[in-house]
Amino acid sequence: MAEIYNPVSVSQPLVIDDDDGYESLSGIKHELEEGHLLLEERFDVDDVFEVDEYGNEVNPFEELDQEYRAEGRLEGDLYEVIDLTEDADDNAATSRPRTATASDEDILQYWTLDDGLLLTPHMTVELRPSVDQEAIEFLRILSIVKITEPERTFVVLRGWGFRRSRNFQGCLPKKLNEVCLIAKMKISDKRGWKEQALIDVDPRQVMMLRDLRMTNADFPDYRFNANEYHRLGKEMIKESGPLVCRWRKEEHRHPRTKTACEFAFVRLSEDEVDDRYRVKDAQMVNRWRGGVVPGGSHIPNRDSPGLVLDLEDEGSEQASDLQPGQRYTAADIFAGAGGASRGIERSGCRLLFSLDHWEPAARSLRRNFPGTHIYQKEVTDFVTEDLPPEHSYPDILHLSPPCQFWSPAHTVAGKDDEKNIAVLFSCTDLIKKLRPRVFTVEQTFGLVHDRFRLYFHTFLQGFTSHGYSLRYKILHLNQYGLAQTRRRLVIIGAGPGEKLPPFPPPTHSKTPEVDGLKPVVTPYQALLAIKRIKSGHPMHNLATVHRFDPPKRPWDPSKPVNTITCSGGQNYHWLGERQFTDLEYAVLQGFPRWHQFSETNVKKQIGNAFAPSVVRVLYEHLIRFLRKQDGVAGSNLPPSSSSGDSSPIAIPDSDEERDELQFLGLGGLGTKDQPMKLDDEEVEYLGESARGWSATMTGRWDGGREGVGRRARCEARGYEVDADGWPEYREEDFMELDAGTMQDPVVIDWET
């Protein structure tokens with residue numbers, strides 16, 4: 001280990017006034033109470049249709065319904081700071097930045113200022129103060145450039161700009177002489193941050209030289225000497241002591257609109273820092289969570305979670321192939337009815353546990369995830385309890401903390417405010433307790449508005465204080481296959497020593513002929529999945545669904561529905577004759593049609609959920625990213641589902657491989673030795689969910705739905721109904737399937 005610049009002992013403790021720590025709870029509450037003046041206007045109740053599952057009218061101004069309406073009112077202000085438009089590249093040619101070397105530029109070896117100060121590359125200088133709150137305070141000079149233009153010749157200092165970490169409004173810990181590198185980037189620019197972050201500075205802005213140390217080590221390694229601090233004092237250290245950079249802030253902007261659309265706080269990695277202050281990334285991982293299991297910490301039929309490699313041991317050999325059934329593990333906190341849990345499971349992760357304190361949600365979780373442990377308790381209690389070893393340190397963690405308190409619609413103090421504030425700080429405790437390699441957060445996009453910055457930035461600092469890199473963005477969920485105008489703030493985090501994943505690229509587009517993506521999913525297309533479900537289904541009873549008298553105005557089902565809220569929102573069936581059924585709402589929210597909900601507060605469970613179909617895309621992307629980082633390749637045996645190792649779910653390594661795999665409903669993908677047993681309603685997903693390959697007794701490719709429909713039409717039903725209103729399937733309704741690919745197709749014996 002390199003020299004540490006902060007010696008301490010019992011007799012001589014390190015006492016440094018860093019002015020660090022979180023903003024007070026009272027400060028957060030005061031800002032929210034002062035800022036929540038958004039809903040001064042009343043909405044027209046006649047324009048809002050909300051009826052509960054029993055046909056009763058509900059208050060249209062309660063809970064998250066207010067949040068989504070208020071978000072719409074905030075959009076105009078957010079356009080000024082965040083680009084809420086489509087993220088598609090406009091294919092415009094990127095103009096050459098000023099920082100690109102051109103024929104009219106000459107590189108100089110040095111430059112002398114008027115006061116005699118000699119500047120050379122690799123020096124760091126402090127710049128003159130500016131009234132701009134986001135102005136660069138320090139510059140590491142990478143080159144000195146003489147630029148010749150038709151009417152003038154001048155010299156610029158070209159390099160990376162830095163600002164003190166305390167000047168990021170609480171997103172980073174406020175530590176003395178800690179600085180953060182600034183990188184403003186264009187999403188269409190394929191160059192790395194090191195090139196895009198370059199800026200030009202007039203030499204006349206230089207005040208003095210400074211010592212800057214770029215390191216990936218944990219705070220307080222490599223900072224100023226404690227003895228010097230006590231001898232010289234805080235102000236002298238601030239003015240002349242060494243600066244330490246451990247972080248980089250990225251702002252990704254559209255080249256056309258020039259507005260930011262994505263932000264990141266990234267811990268520097270070992271290949272981005274000064275040689276003298278470098279620590280192995282593997283050492284950072286080991287310090288934080290004791291190592292990793294390349295390819296995923298779930299390996300079936302092993303008593304222990306698997307071999308945790310000492311990444312610092314150069315003699316240890318990392319496996320290049322996955323073990324049979326090996327998968328990344330995940331946990332879902334604030335899980336609700338299981339929206340994220342369902343998407344996580346279908347992505348191929350091993351879902352270790354889900355947590356929610358609300359009884360209806362917990363019942364739904366138990367019903368859908370029988371092989372997963374369900375914690376029904378307050379998260380503040382969970383973080384203080386000991387966990388069984390198998391639930392410790394999941395590879396990936398998802399958080400969807402309650403957002404009522406920090407939503408734009410929270411205009412007056414509520415009885416749960418103290419609890420929801422505690423939830424904010426519990427997220428910090430969750431990260432410290434579970435120490436995931438990667439985590440995701442889903443929240444209301446109104447949170448990024450300036451009036452809520454104290455609350456949001458305190459939330460972010462809960463992660464950065466533990467060394468987690470963060471990337472956040474407002475995602476348009478219809479770009480990932482959801483038939484809604486839904487936008488959500490999504491955060492991706494990566495632990496110390498880990499690479500920070502990018503966001504998954506969109507899968508759907510309004511202009512597929514230009515982008516080469518799939519066309520956006522329409523409500524009509526989404527609801528084809530339940531077209532043949534008979535009326536009388538407990539969530540799809542057309543005989544009891546609320547009907548309008550007189551009918552409402554019909555609308556075009558090729559257009560996305562409005563954001564689905566806890567009571568359905570401003571949505572109804574496109575014919576204008578009735579409300580959507582609960583099953584239709586669930587499918588439009590990205591749930592598979594076979595996901596089950598407990599009988600009470602169904603719409604609230606649906607409206608609260610993070611769309612499972614989007615979560616699946618996100619987590620498949622994270623799995624591919626982690627596999628690449630771990631240097632492992634997929635084996636021929638697909639990983640298992642969370643409901644049991646005998647029911648594997650395929651994880652494609654690429655889009656090409658995805659087309660050679662299939663997902664067959666609840667259980668996943670069967671193997672030859674452990675075949676799946678599915679009823680014919682689930683088997684219909686052979687054609688809908690995965691573009692799989694199959695074969696019948698008489699033909700090679702049976703077309704999925706048509707082949708399954710043949711059996712469905714031939715067999716009478718006559719099911720009994722259980723106490724929860726769900727059909728009790730008979731043994732003769734099941735059939736066995738083998739796993740298959742295009743070369744070795746699934747065999748479905750229709751005559752058995």
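A contact means heavy atoms within 4.5 Å. This is a predicted model, where local features need pLDDT of at least 70, side-chain atom pairs count only at pLDDT 80 or more, and totals for chains, interfaces and linings use all residues. Residues are numbered from 1 along each chain as its sequence is written, and side-chain values use heavy atoms, with hydrogens and water left out.

**Histidine 391**

Leaving aside residues up to four places away in sequence, histidine 391 touches Leu352, Phe353, His373, Tyr375 and Leu434. Histidine 391 sits in the loop between helix H9 (379-382) and strand S16 (396-399). Helices (H or I, at least four residues) and strands (E, at least two) are DSSP runs, numbered from the N terminus. Is histidine 391 buried or exposed? Its relative accessibility is 7%, so histidine 391 counts as buried. Buried means under 20% relative accessible area, exposed over 50%, and partly exposed in between (1.4 Å probe, protein chains only).

**Cores**

A nonpolar core is a set of buried Ala, Val, Leu, Ile, Met, Phe, Trp, Tyr and Cys residues joined through side-chain atoms within 4.5 Å. The largest one holds 48 residues. Ile333, Phe382, Leu399, Leu430, Phe439, Phe463 and Ile491 touch the most other members. Another core, of 35 residues, lies apart from it; Ile374, Val438, Leu475 and Leu622 are among its residues. In soluble globular proteins, nonpolar side chains tend to be buried together.

**Rings**

The whole structure has 20 aromatic pairs. Rings of Phe, Tyr and Trp (its six-membered ring) pair if their centres lie within 6.5 Å; planes under 30 degrees apart count as stacked, over 60 as edge-to-face and the rest as tilted. Two pairs are listed here.

| Pair | Centre to centre | Angle between planes | Type |
|---|---|---|---|
| Tryptophan 160 and tryptophan 193 | 5.1 Å | 40° | tilted |
| Phenylalanine 591 and phenylalanine 597 | 5.0 Å | 75° | edge-to-face |

Tryptophan 160 and tryptophan 193 are buried. Phenylalanine 591 and phenylalanine 597 are both buried too. Ring pairs also link Trp288, Phe439, Phe459, Phe463 and Tyr468 into a cluster.

**Confidence**

The chain averages a pLDDT of 77, and 66% of the residues score at least 70. The pLDDT is the predictor's confidence in each residue, from 0 to 100. Over residues 1-12 the pLDDT is below 50. Over residues 635-752 the pLDDT is also below 50. Where pLDDT is low, the predicted coordinates should not be read in detail.
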